[in-house]
Amino acid sequence: MNLKYLTLALLPIIFASCREESKILQSTKKPNIVFIMSDDHAYQAISAYDGKLIQTPNIDRIAKEGMLFNNATVTNSICAPSRAVILTGKHSHLNGKIDNRMPFDTTNVTFPQLLQKAGYQTAMFGKLHFGNNPKGFDEFKILPGQGDYYNPKFITQSGDTTITGYVTDIITDLTIDWMEKRRDTAKPFLLMYLHKAPHRSWMPAERHFPEFTKNTYPLPETLFDDYKSRDAAAPSAEMGILKHMQVSYDLKVPDSIANTLDIKNWNQIGNRIGRLNADQRAAWDAVYNPIAENFAEQFPNMNDSILTVWKYQRYMQDYLGTIAAVDENVGRLLNYLDEKDLSENTLVVYTSDQGFYLGEHGWFDKRFMYNESFKTPLLIKWPHVITPNTTEEEMVQNLDFAQTFLEVAGVNPPSDMQGESLVPLLKGKKEAWDRDAVYYHYYEYPGEHAVKRHYGISTKEFKLIHFYHDVDEWELYDRLNDPNEIRNVYEAPEYAETVKAMKKKLEEVRKKYKDSDELSNGYIELYKENGWIK
């Protein structure tokens, strides 16, 4: 055979052999870790969980190539504390970041510090929410506090900078730029890619204004929940779509129009859209001004029910519009990993710092231990380890991330971390997982949205909640027979034995995680010292 044709014939075999050799080589390296987290992204707004509201094909790719967790929850459903739990692997009562007010104790050891020490190159881009100098990172560019959607400012190691554009796109640009230009190819890497969206006040990218503001969405079953089986906590919360969602700040009715209507409007939208440049503002006004003018005409004839539905639709249009950009940009990052042959040896996580109410129980925001804010999306892919397109029903928490990443990297966790590595579940070894209940504790009261202090446990079957401080109320929900958590069965005679068993389990779990009434009272005293409780 002609040598030229022999060589051509052998090329496919040679290339296949090289690919297999590359895979073997990659499998012997420490895996890269890409941690993608959005802010307030409800699992209901990811089509891998539920496609009624929006399609998220790029986020869904992670589940199709990996695992979807149906019982992933948080330990404290509020932004900064959730992030502190993720970084430290410790509950809020031990890491000290109980709410958005208290400072983060920088003596806490975080998993990025341990990975950095173990030889990982580390980088963080996006929203951290607390602290201006995150420990354990070779490079970071983070938003100050909540940050802005348009033309945002970033904190960097070399000083602050403002970047023109839309925040979700910019965070992705910064992330890919680091991977392309400053990633050390000789080292494994930890990349924390953290989106601001879809945090309030839900401001979409310009390209999504026209489409999403025209959409109509199905109403949640519990939009008009009357809380009749509950006592003070649920009815007194200040996160109702009707009473507390603001037409200017939240729903983009210009201040000039909102102020002429007989509507409480505590915050203004002007300072947010004041960041827009002339072209951005023109695009904004072209879409949002007609909506506001139509609302002003209709408002005098709106009863509470009609106004609730109008607010809900406007809320969903903007909230889901911000998620469209998140999904597009997650796709950009996943494509980059594929194109650069990094996917084969990279564990990718998509999650949120907590869940969010999308009209369920008539609410927006989070904080409660009820399902929509307690449950968080969690999708993980890890080629050659996780079987593609699998689901997991075990009870897992954001508390578990730190130890998971440390095990993936071959690093022993500190003895005071309280989570459990998810690696056995990722490998399909369910027999190595024995957790049957997860623990929750919320502290920020009095505070924004007036959600009372409470703690509780959840199993797959039941959820027990204790509201305390200025009330003493108990709630029990049958998760299998009442998934919408409408009926509090704590006082129901047929659940007496369940209450007894769940209270016993609650005591055991609190002891396991070293929480106590003494600690709770200590944090109440701190509120008093700071003047937050009169």
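Guide: By class, the lining of the largest cavity has seven nonpolar residues, one charged residue and no polar ones. Nonpolar here covers Ala, Val, Leu, Ile, Met, Phe, Trp, Tyr, Cys and Pro; charged covers Asp, Glu, Lys and Arg; the others, Gly among them, are polar. The model is predicted, so local features need pLDDT of at least 70 and side-chain atom pairs pLDDT 80 or more, while totals for chains, interfaces and linings use all residues. Residues are numbered from 1 along each chain as its sequence is written, and side-chain values use heavy atoms, without hydrogens or water.

The lining residues are Met37, Arg83, Ile86, Leu87, Met124, Leu128, Met192 and Leu194. H3 gives the most, with three residues. Helices (H or I, at least four residues) and strands (E, at least two) are DSSP runs numbered from the N terminus. The volume of the largest cavity is about 40 Å³. The structure holds one cavity of 30 Å³ or more. On a 1 Å grid over the protein atoms alone, a cavity is a set of points where a 1.4 Å probe fits but cannot get out; a pocket is an open set with protein on both sides within 12 Å along at least five of seven lines; lining residues have an atom within 4 Å of a point. Points join across faces, edges and corners, and a volume is the space filled by probe spheres set on them.

E8 leads on to the sheet. Ten strands form an open, mixed sheet in the order E7-E6-E5-E4-E8-E1-E9-E10-E2-E11. Strand E7 (161–162) and strand E11 (390–392) stand at the edges with a single partner strand each, so one side of each has no neighbour in the sheet. E11 runs parallel to strand E2 (residues 67–69), joined by three bridges. There, leucine 68 stands opposite threonine 391. Two strands pair if DSSP finds at least two bridges between them.

Now the open spaces. The largest pocket has a volume of about 540 Å³. Its lining has nine nonpolar, six polar and eight charged residues. Of its 23 lining residues, Tyr43, Gln44, Asp50, Lys52 and Glu360 lie nearest the centre. The second largest pocket holds about 410 Å³. Of the 22 residues that line the second largest pocket, the closest to its centre are Arg200, Tyr249, Arg367, Glu448 and His449. That lining divides into five nonpolar, seven polar and ten charged residues.

Arg200 also has a charged partner. Aspartate 250 forms a salt bridge with arginine 200, the closest N and O atoms being 2.6 Å apart. The partners are 50 residues apart: aspartate 250 sits in the loop between helix H9 (241–244) and helix H10 (255–258), arginine 200 in the loop between E8 and helix H7 (209–212). Both ends are buried (under 20% relative accessible area, with over 50% exposed and partly exposed in between; 1.4 Å probe, protein chains only). Aspartate 250 has a relative accessible area of 0%, and arginine 200 has 11%. A salt bridge is a side-chain nitrogen of Lys or Arg within 4 Å of a carboxyl oxygen of Asp or Glu. By this rule the count comes to 40.

Glutamate 485 pairs with lysine 463, the closest N and O atoms being 2.7 Å apart. Glutamate 485 lies in the loop between E16 and helix H17 (496–512) and lysine 463 in E15, so the pair ties together parts 22 residues apart in sequence. Both residues are buried.

Six of the six residues of E15 (residues 462–467) are buried, so E15 is largely enclosed by the rest of the structure. Phe462, Leu464 and His466 point one way; Lys463, Ile465 and Phe467 point the other. Five bridges join E15 to the antiparallel strand E14 (residues 454–458). Tyrosine 455 stands opposite histidine 466. A hairpin of three residues joins E14 to E15. Six bridges join E15 to strand E16 (residues 473–478), also running antiparallel. Isoleucine 465 stands opposite glutamate 475. The E15–E16 hairpin has five residues between the strands, and histidine 469 there takes a positive phi near 90 degrees.

One more pair remains. Arginine 510 and aspartate 515 meet in a salt bridge (3.7 Å, N to O). Salt bridges that share partners also join Asp40, Asp365, Lys366, Arg367 and Glu444 into one network.
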